[in-house]
Amino acid sequence: MRRRTPGIGLWLVLAAVVLAAYVVAPRFVSDFHSRNLAEAGVFFIAIVGLNLLTGYTGQISLGHGGLMAIGGYTTAALVVHEHWRDVWTIPLAGVAAGLVGFLIGLPALRLSGLYLALATFAFAVAVPSLLKKFSGLTGGSQGLRLLESAPLQVTGLSGTVTVFGHSMTQNHFLYYLTWGIGLLAFVAAWLLVRGRFGRTLRAVRDSEVAAASAGIDLARTKTLAFALSGVYAGVAGSLLAIQSEIVNPLSFTFLLSILILVGTVVGGLGSLPGMVLGAFFVEYLPDISTHFSSAQGVPDFVYGAAIILVMLLLPTGAGGLLRRLARPLTSRLYLRP
Amino acid sequence: MLLAFDWTQLAQQVVIGLASGGVWATLAVALVLIYRSTGVVNFAQGEMAMFSTFIAWSLVHHGLSYWGAFALTIAISFAAGVAIERAVIRPVERAPQLTVVIVTLGLFFLVNGAARWIWTPETRSLPNAFSTRPITVAGVAFSIQDLGTIGVSLAAVALLWLFFRFTKLGLASRAAALNPEASRLVGVRVSWMLALGWGLAAAMGAVSGMLTAPALASFDQNLMQPVLLYAFAGAVLGGIDSLLGAVVGTMLLGVLINLIGTYVNWVGSELRLPVALAVILGVLLVRPAGLFGRVAERRV
């Protein structure tokens, strides 16, 4: 039996379907819900980034909320202090968070498992306090308000945005912006993990000793994975700042890091398509939980129960389920007698 | 002229630091118990302890004395810990470690939500377990509350140590944690030993919660979240697989945080935790297994 890889035709069809879904989705949901979709897109980008680090390289991080804060504050500070147009700050936010991610990766060379969890956790806890301490740049616990301090730099202030001669509401614009970047980020991640670099990452995850003896530079690979993951988190944080038009230390608490980790594991470590489901899980579950009862504590109770239930039913996350569902299909398609 | 260094203040601050460290130590020991048997940090440990504290509050509210409620709550918590392990941890025993971590995060939300559901979120308070009168030792005034807290936490940890060291059940559970396959071969019921570990951890957490609450003027459902952070940091500092390490690590952390907060003005109360974590990271970079931890050696 010979196993063929999927042909280029299949990939093109898949890409066309995804692209079509991306373009027409706002027509089927209300203006309000396209805002929710845009928020899910922020989670999606951060989760894809964390999956590169945790799912593919095997390095845990409890500090991605802190990296998102770096991105969000880079955007906010550039808009408020330097009067940049908000959308043009996104690449710089990615670079800034990538640099910080690289720096976190340095102690990670000596620490593994639980100790790395503590190191990244320390970072996540330290960031909000530091943001309050250096209030000249960050506005302290008040934070920075993009709309009040630099209204001209906020895209879509007038309620509509015109892109390529096409006019749309601000929420639709945020949806297209976030998921457009999200799709690019997804394709970039997919290209990265399917080639030589992806094999290097997986080798480090599966056995550091074996990887090192095969000639892989552990230090370089790990710090690179942290930096790359940081770029994703930074872009996500920047988009979060643009969407909410305000950043303050409370937007980037430790809870955010936890949510990203939950989304990654629910989506399925080491699976990229599962990340979409992980992002939707994190974005919509709190909303759904409030439908059960609005009594104090009930939404959190339902939320926790749902997380546990998903993990008991799908220990390998949605990605594992997708793989299992696709197996009969793919084996019929690709196996020739 | 240089100000005279106030030794009295230093001694008082050290004892206050040891008292908070002692409370964290009991929760840190709970984390170590579960880490040794399951290999993960239980993020819900603090919330379970908070839930126990609310049970104790209800018992006191219904007329029990503090110490009566204390003993009864420990028993209830032990049973609840065993039940939680049977219900949600056992099904993922063989799943990847991160799956178990996420389950404990789910438990975190679930227990916190349940506590706010059952007990409405108004603040409440527990009576003081110890006299608030200070006693004077060698010219320095200490609060009995602080000394009592240190005493009770150390006694709880000592009891636990005696159990592990001198009973057959304790030996069996240590064996199950160290080498599950070999223990199973000699007839230890390894799975139930895990449940026992969760029960003991929940009981230790209850002690921690019931010592934390009376020291505060009032408390709510977020009572144990900072304690969990400190306990985690202290346990890692001491070496996450060592009971002694957890106690020494958290006590050191308690003193360190208190002294930094008191004597370094720039740090103040806001940056105490980040600075303490930075110190711990420094220690870990030199000693990656913590102060008392064993370096994990693997055959490849």
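In the predicted model, chain A contains 15 helices and six strands. The C-alpha trace of chain A spans about 65 × 50 × 45 Å along its principal axes, and its radius of gyration of 20 Å agrees with the value near 20 Å that a compact globule of 337 residues would have. Chain B, by comparison, is built from eleven helices and two strands, which follow one another from the N terminus in the order α-α-α-α-β-β-α-α-α-α-α-α-α. For chain B the principal-axis spans of the C-alpha trace are about 70 × 55 × 35 Å, and the radius of gyration, 20 Å, agrees with the value near 19 Å that would apply to a compact globule of 300 residues.

The confidence of the prediction was considered for each chain and for the complex. Chain A has an average pLDDT of 83, with 92% of the residues scoring at least 70, while chain B averages 84, with 95% of the residues scoring at least 70. Within chain A, the highest mean pLDDT among the elements, 92, belongs to helix α11 (residues 218-244), whereas the lowest, 48, belongs to strand β6 (residues 335-336). Where pLDDT is low, the predicted coordinates should not be read in detail. For the complex as a whole, the predictor gives an ipTM of 0.84 and a pTM of 0.84.

The contact between the two chains draws 34 residues from chain A and 39 residues from chain B. On the side of chain A that touches chain B, the elements that contribute two or more residues are α5 (114-133), α12 (254-267) and α14 (298-313) of chain A. By residue class, this side of chain A comprises 26 nonpolar, four polar and four charged residues.

The two strands of chain B form a hairpin, in which two residues lie between β1(B) and β2(B). Strand β1 (residues 134-137) of chain B pairs with strand β2 (residues 140-143) of chain B in the antiparallel sense, over four bridges. In this pairing B:Pro134 is placed opposite B:Ser143 of β2(B), and B:Thr136 is placed opposite B:Ala141 of β2(B). Within the hairpin, B:Ala138 adopts a positive phi near 50°.

A helix pair in chain B was also examined. The axes of helix α5 (residues 144-166) of chain B and helix α8 (residues 190-215) of chain B come within 11 Å of each other and cross at roughly 175°. Because of this crossing angle, which lies over the 145 degrees taken as the limit, α5(B) is roughly antiparallel to α8(B). The residues that α5(B) brings to the contact are B:Gln145, B:Thr149, B:Val152, B:Ser153, B:Ala156 and B:Leu160, and these meet B:Leu200, B:Met204, B:Val207, B:Leu211 and B:Ala215 in α8(B). The residues of this contact of α5(B) with α8(B) divide into eight nonpolar and three polar, with no charged residue among them.

How values were computed
Residues are numbered from 1 along each chain as its sequence is written. Chains are lettered from A and ligands numbered from 1 in the order in which they are written. This is a predicted model: local features need pLDDT of at least 70, side-chain atom pairs count only at pLDDT 80 or more; totals for chains, interfaces and linings use all residues. pLDDT is the predictor's confidence in each residue, from 0 to 100. Axes are lines fitted to C-alpha atoms, for helices over the stretch in contact, and angles run from 0 to 180 degrees between N-to-C directions. Angles under 35 degrees count as roughly parallel, over 145 as roughly antiparallel, 65 to 115 as roughly perpendicular and the rest as oblique. Two residues are in contact if their C-beta atoms, placed from the backbone, lie within 7 Å. Ala, Val, Leu, Ile, Met, Phe, Trp, Tyr, Cys and Pro count as nonpolar, Asp, Glu, Lys and Arg as charged, and the others, Gly among them, as polar. Two strands pair if DSSP finds at least two bridges between them. The radius of gyration is taken over C-alpha atoms; the globule rule is 2.2 Å times the number of residues to the power 0.38.
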